[in-house]
Amino acid sequence: MRRSCFRYRPRPFWPSQSRHSSKHVYRAESAMAAVNKTAHSFDKGRLEALLSRRFFYAPAFEIYGGIAGLYDYGPSGSSLQANIISEWRKHFIVEESMLELDTTIMTPAPVFEASGHVARFADWMVKDTKTGDVLRADHLVKNVLAQRLADDEEVRTGAAKPLDPAAAKKKKKDKTPPKVQLEPEVAKEYNNILAQLDNYSGPELGELCRKYSIRNPDTDNEVGEPTPFNLMFASSIGPTGKFPGYLRPETAQGHFLNFNRLLDFNNGRVPFASAQIGRAFRNEISPRAGLLRVREFTMAEIEHYVDPEDKRHARFKEVRDVSLALLDRHVQVEGSTSVTTMTVGEAVDKGVIANETLGYFMVRIYQFLLKIGIDSARLRFRQHMGNEMAHYATDCWDAEIQNSYGWTECVGCADRAAYDLTVHSKRTGQQLVVREYLKEPIITEKEVAELNKKLVGKTFKQDAGALTKHIESLGETELLKLKEELSKGSVKIETTEGKSFDLTPDYLTIERKTSKQSTREYTPNVIEPSFGLGRILYCLLEHNYWSREQDVERGVLSLPAVVAPTKVLIVPLSSKEEFDPLVAEISAKLRRAGVFSRVDDSNTSIGKRYARNDELGTPYGITIDFASVQRRTVTLRERDTMDQRIASIEEVIATVTALVEGTIGWPEACNRLPAYDGVQAVD
C-alpha cells in the first residue's frame, strides 16, 4: 500500500544543528547569492590553529621537543603537496616536453667544491654577546627595523602612546622595546635600507647593527660581528670517513653531471630542458617562520639548456603580451620597492629582462602560481641586485609572494650562463659541450703558425713548451706582423714570462690557409626556474583562508579543485543500511572518473560535517538522503557559496567530474543542474 507523500522542508545548516529529526526533516543549507570573503580581517592565529587541528603539518619529533626548521606533513598537507606536484608536472614537464630526472641526495664533496658551494654557499650570522644565541644577520636587521617602522606608524596614528621617559625607567626589566616615534629622516633611512637589504655584505650588515643599535630582540643584548656560515649539511660516504660528502642544497648539480647523457637522449639537439622534483637540505641559521624557513624541503627545478648566441624561445610569442609586476634592481638600489607593471615582451625589448627564454619562464611561473590558487595581486617578480646574486648567476628574478611574514621568495628564475658545465668540465676533464652540425659549412682563411717541433725541442729544450704556448696564443694581427719580420730573415720573440727566443724560418713558418668548418662546438647556457614547494604551499593556504561572514569561527580554505586534498565529500544523511549501496556506487563511479572522494558517515550533524570539510578545502559535497534511496537523486554542494543543486546520480557525477577537471565552472554547473530548494518528495 502506497504511503502518503512526505516533504523535506529547508532551513540553513549550521554546525550546531542536528543531522535530522525523528520525522526525517532534511535541513538544507541556503544558497548565498554572493560570498563576502573579506568580512573578517585575516587572522594568522586562526589559520595556524586550523592547520594544526586538521593536521596539514606539524613540528617533526614533537613528542621529543621538536627541532626548529623540521616539519612533518599530515594527510591533508601530503595530499595538497602531491597535487601541487602533479599540476607542476603537467604544467612544465608534460606541456614543455621536459626530460625528468631523479638523482641522488648524497653528493661527494668534489662536486660542490667545483660548483663553488663549499666556498660560497653561506649566509651571514651574528651571535648574542652574552647568551651566544645565533641569528641570521640580514633577518635581524630586517625584523628590528620593520618593527620600529610599525611602532612608529602606531604612534603616529594614535594606536599606541609615545614613549614616556619617566615610565621607561620603571620598566627596565621589560625586554620588550618601547614604541617610539621616529624622526622622518630616520624612517626614510630605515625604508631605504629595507628596500636594498639583500644587497648588503656581511661587514655592511655589521655596520648597520652598530649604527642603528640593532640588538637581539629576545634579550636586548648586543650582537657580535657577522661571520659567514656554510648552509650545507656535511657527512661522509662509507665507513672509513675518507670520502666526505654533503646532503645536496639543490637538485641542480645532478642535472649538470648527467648533461652528456641527457643531450644524447635528446638526439644531440639544443634547446632542451631537464626537470627534477626532490628533497634538498640547508642548515638554516635560525629558522623561525614555519614552512617558509626550513632545513629539509621539497624542490622542483628545471635546467633549460640554450645556445649562448641565441636565447630566443620558440613559444615566446604566446606569452609576450602577458603583464607582470616587476621590481628591477635599479629601483631597489635607489631605496624604493615600487613595482612596474609591463608586458614581458616590452620588458625583454627594453632589456629589463635579459632574454626571451628567461622572460618565457617567468610568465610560465606566473601562470602556474595563479592556476593553483595564488592571488595575483600579492605576487611580484624582484630582480636580484649585484651583491645578492648567486655566484653562478648572471641575472636572476625571484617570484615573491606576499604573506603575513612579508614578501617571500618562492621561485627563483636565474640565467646561470655556462658556469656549472664549465667548472665541472674543467674539474673532471670531461667535455660537456654541444657539437652542432652546420647546414652550410663555414669556410675561413687565416694565418696558421707551425713550429718545427724537432728543431725547437733540440735547441730550446725545457723552454720549448713556453715558446709553443706563446705562439699558440697569438692572434691574426700578431701573426701577420711576425710573418713579415720572418720574411726578412729572423725575429726575436719575448714571452710574457720574460723569456726570449731568436727564430728563423727554419724554426717557424706562417702560412695563410683555408679551413672548412662543418661543426660548431659550444658550452650551452642554462636558464633555471627553481621552486620551493613548501613556501608555495604555505602562501597558498594563507591566500585561500577566510571566515564565514556570519561566523568568524567557521573558517574556509577556498583551495582550487586542482590542488584540493579531497575533491568531493560524500555525506550520507543516515547511517541506515539502506544507504550503503548508494554510498558504495557513488564512491566507485567517482574513483573510475579519477575523482578523489571521501565518505563522512560520522554521527555528527551534517552541518558540522560540511564545516569540517570546508576547513579541509574540499570544494564539492554530494549529499545522499532518503529521497536518494527511492528516486536516485542527490544534491551537489559548492563549498564557498554553499549553493546546492539536485539531479540524478549520473548527472551529478558527470557534472562534478567536469568541475574537478576544470572543463566547466560553477556557473555552468548551475545551468546544467536545477537549484535545490530543500524539498523532496518521499513515498
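Phenylalanine 460 and tyrosine 507 are both buried, meaning under 20% relative accessible area with a 1.4 Å probe, protein chains only. This is a predicted model, where local features need pLDDT of at least 70, side-chain atom pairs count only at pLDDT 80 or more, and totals for chains, interfaces and linings use all residues. Numbering runs from 1 along each chain as its sequence is written, and side-chain values use heavy atoms, without hydrogens or water.

Now the rings. The structure holds 19 aromatic pairs. Rings of Phe, Tyr and Trp (its six-membered ring) pair if their centres lie within 6.5 Å; planes under 30 degrees apart are stacked, over 60 edge-to-face, the rest tilted. Phenylalanine 460 and tyrosine 507 make a tilted pair, 5.7 Å centre to centre, with 50° between the planes. Phenylalanine 460 lies in helix 15 (residues 453-460), and tyrosine 507 in the loop between strand 20 (500-503) and strand 21 (508-522), so the pair ties together parts 47 residues apart in sequence. Helices (H or I, at least four residues) and strands (E, at least two) are DSSP runs, numbered from the N terminus.

Elsewhere, ring pairs link Trp88, Phe92, Phe368 and Phe531 into a cluster.

Next, charges over rings. The criterion: NZ of Lys or CZ of Arg within 6 Å of the ring centre and within 35 degrees of the ring normal. Lysine 44 lies over the face of tyrosine 405, 3.9 Å from the ring centre. Which ring has the charged end of arginine 637 over it? That of tyrosine 610, with the charged end 4.2 Å from its centre.

Key. Buried < 20%, exposed > 50% of the residue type's maximum accessible area, 1.4 Å probe, protein only.
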